[in-house]
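Colleague: I would like to learn how to read a model like this one. Please give the general idea each time, and then the case at hand.

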Amino acid sequence: MTGPQSNLVHVIGAGLAGSEAAWQIAKSGVPVVLHEMRPTRMTEAHRTDGLAELVCSNSFRSDDAANNAVGLLHAEMRRLGSLIMRAADANQVPAGGALAVDRDGFSAAVTKALNDHPLIEIARGEIAGLPPAAWSNVIVATGPLTSAPLADAIRELTDENALAFFDAIAPIVHRESIDMSVAWFQSRYDKVGPGGNGADYINCPMTKEQYEGFVAALIAGEKTEFKEWEINTPYFDGCLPIEVMAERGPETLRHGPMKPVGLTNPHDPTTKPYAIVQLRQDNKLGTLYNIVGFQTKLKYGEQQRIFRTIPGLENAEFARLGGLHRNTFLNSPKLLDGQLRLRAQTRLRFAGQMTGCEGYVESASVGLIAGLYAAAEVRGETLVSPPATTALGSLLGHITGGHIETIEPGTRSFQPMNINFGLFPPLTSVPTKKPDGTRLRGNEKTVAKKQALSARALADLDRWIADHLRIAAAA
């Protein structure tokens, strides 16, 4: 593609995020070069040279926009003319309430649309290192299997010493689902950490019998296996899975993340707990809490079963379950600005899983907004970010600053996240009654709250589109 570099955008990586970014840029009337190293260089996970190849599941998860956060994100992306959603809808296969796709048909549809667009050039070949300095507007969307030369260049540029590592993820619980008649707020020895008040943790007490049963369940629980390309990747910051710690001896956890020292249970102050599970605030809104030290390779069903035996977490709702896998992502709140640009070199913008989101749809949605940001920049404009009340805006908020740093020094606490209602600002008015005037009870309150959050999100997104986007959403 000829012409001055300042008038076009380069997108590196043609997975879901890169493909969506390129589509949005071209749809905005700006030329784009989409770089994809396959088939010149393949990855350990890909099998074809198709764009937006799905390497894991073929499911985009729930399509229920009224009651599910990812379904809401689907709806928002459709309003924004998403190519990924258009291709998914056209290649849907039966999956109940989920949106699942024929993976070959989906990739073929995305590939054809991008190939056919007159403003998109697809360049096959690896970008081995930082993009040429002449490229003034670049989106890096190379995903969790970023090639080593590019990952090394980014690492050197950002002064971050870990881009590819085993990503040790602790489960995150919705604050409102924790039973505070059992649990309580307190920091060990009432210590006031940075930004804290001496009551920064939620504490869940265990008796000796509960602890011993919990340790046995961790050891016996079914674990996931490392993928072939993960086997030789080192752990990050020495974060061991909790079940590995449990296997090292029955008292290991009680002298590690579950130590009961420096804490007094106000519900039963004369009884000293044998062990204590702590949860720490995970987002600035205070709606999400992570279980401290509970990174794990337990399978998801096992995690829910075992962790709900912890007193106070019997009815826990999980915003994210734990995991341990190879990943490549930035410490985005530190390294990226609100327009997803690298603070150290603002010509580089990042999108997709590299920015700290999990899931096909989340990755594509960040590619979508990165594309819109980049296209606006070519036109000499700055696009106002979508409202924090939308699914897209709340996900961006997590990536660019909604997370809070850990109280303890030495570890990086930012972790990738799926979209969930815990990332949304709370409602100013929570529904209490049904349309017929009768009071909401039990689970009805949760359903009504989710529906109100979804309705607010779509209304706010429509206003944002009308006020800030040049192109009709349905284009």
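Modeller: Start with helix axes: they are lines fitted to C-alpha atoms, for helices over the stretch in contact, and angles run from 0 to 180 degrees between N-to-C directions. Helices (H or I, at least four residues) and strands (E, at least two) are DSSP runs, numbered from the N terminus. Here, the axes of α1 and helix α4 (residues 103-116) come within 10 Å and cross at roughly 35°.

Colleague: What kind of model is this, and how are residues numbered?

Modeller: This is a predicted model, in which local features need pLDDT of at least 70, side-chain atom pairs count only at pLDDT 80 or more, and totals for chains, interfaces and linings use all residues. Residues are numbered from 1 along each chain as its sequence is written, and side-chain values use heavy atoms, with hydrogens and water left out.

Colleague: Which hand does the crossing of α1 and α4 have, left or right?

Modeller: A crossing is left-handed if the near helix is turned anticlockwise from the far one by less than a right angle, and right-handed if clockwise. For α1 and α4 the crossing is left-handed.

Colleague: Which residues of α1 and α4 meet?

Modeller: Contact means heavy atoms within 4.5 Å. On the α1 side there are L16, S19, A22 and W23, and on the α4 side F106, V110, A113 and L114. By class, seven residues of this contact are nonpolar, one is polar and none is charged. In this sorting, Ala, Val, Leu, Ile, Met, Phe, Trp, Tyr, Cys and Pro count as nonpolar, Asp, Glu, Lys and Arg as charged, and the others, Gly among them, as polar.

Colleague: How do α1 and α10 cross?

Modeller: The axes of helix α1 (residues 16-27) and α10 come within 7 Å, at an angle of roughly 35°, and this crossing is right-handed. Among the residues that meet are L16, A21 and I25 in α1 and Y360, G367 and A374 in α10. The contact of α1 with α10 has 10 nonpolar, four polar and one charged residues.

Colleague: And how do α2 and α10 pack?

Modeller: Helix α2 (residues 69-79) and α10 have axes 10 Å apart and pack at about 35°, in a left-handed crossing. From α2 come V70, L73, H74 and M77, and from α10 come V361, E362, A364, S365 and L368. This contact of α2 with α10 has six nonpolar, two polar and one charged residues.

Colleague: How many residues does the largest nonpolar core have?

Modeller: A nonpolar core is a set of buried Ala, Val, Leu, Ile, Met, Phe, Trp, Tyr and Cys residues joined through side-chain atoms within 4.5 Å. Buried means under 20% relative accessible area, exposed over 50%, and partly exposed in between (1.4 Å probe, protein chains only). The largest core has 89 residues, and F60, F106 and I139 have the most contacts inside it. Helix α10 (residues 360-378) gives this core its largest share, 12 residues. Apart from it lies another core, of 32 residues, including A183, M206, V277 and F294.

Colleague: What does I139 touch?

Modeller: Not counting residues up to four places away in sequence, I139 touches, among others, V9, I25, R349 and A374.

Colleague: Is L54 buried or exposed?

Modeller: L54 is buried, because its relative accessible area is 4%. L54 lies in the loop between β2 (32-36) and β3. Its C-alpha atom is separated by 8.5 Å from that of D104, 50 residues apart along the chain. Beyond four places in sequence, L54 touches L16, F60, V101, R103, F106 and Y360.

Colleague: Where does L423 lie?

Modeller: L423 is in the loop between α11 (391-402) and α12 (443-468), and it counts as buried because its relative accessibility is 9%. L423 and H398 are 25 residues apart in sequence and 7.1 Å apart in space, C-alpha to C-alpha.

Colleague: Which residues other than glycine have a positive phi?

Modeller: R61 has one, of about 70°, and L340 has one near 65°. R61 lies in strand β3 (residues 59-62) and is partly exposed, at 28% relative accessible area. L340 is in the loop between α9 (332-335) and β16 (341-342) and is buried, at 0%.

Colleague: What does the secondary structure of the chain come to?

Modeller: The chain has 12 helices and 17 strands. Of its 475 residues, 55% count as buried.
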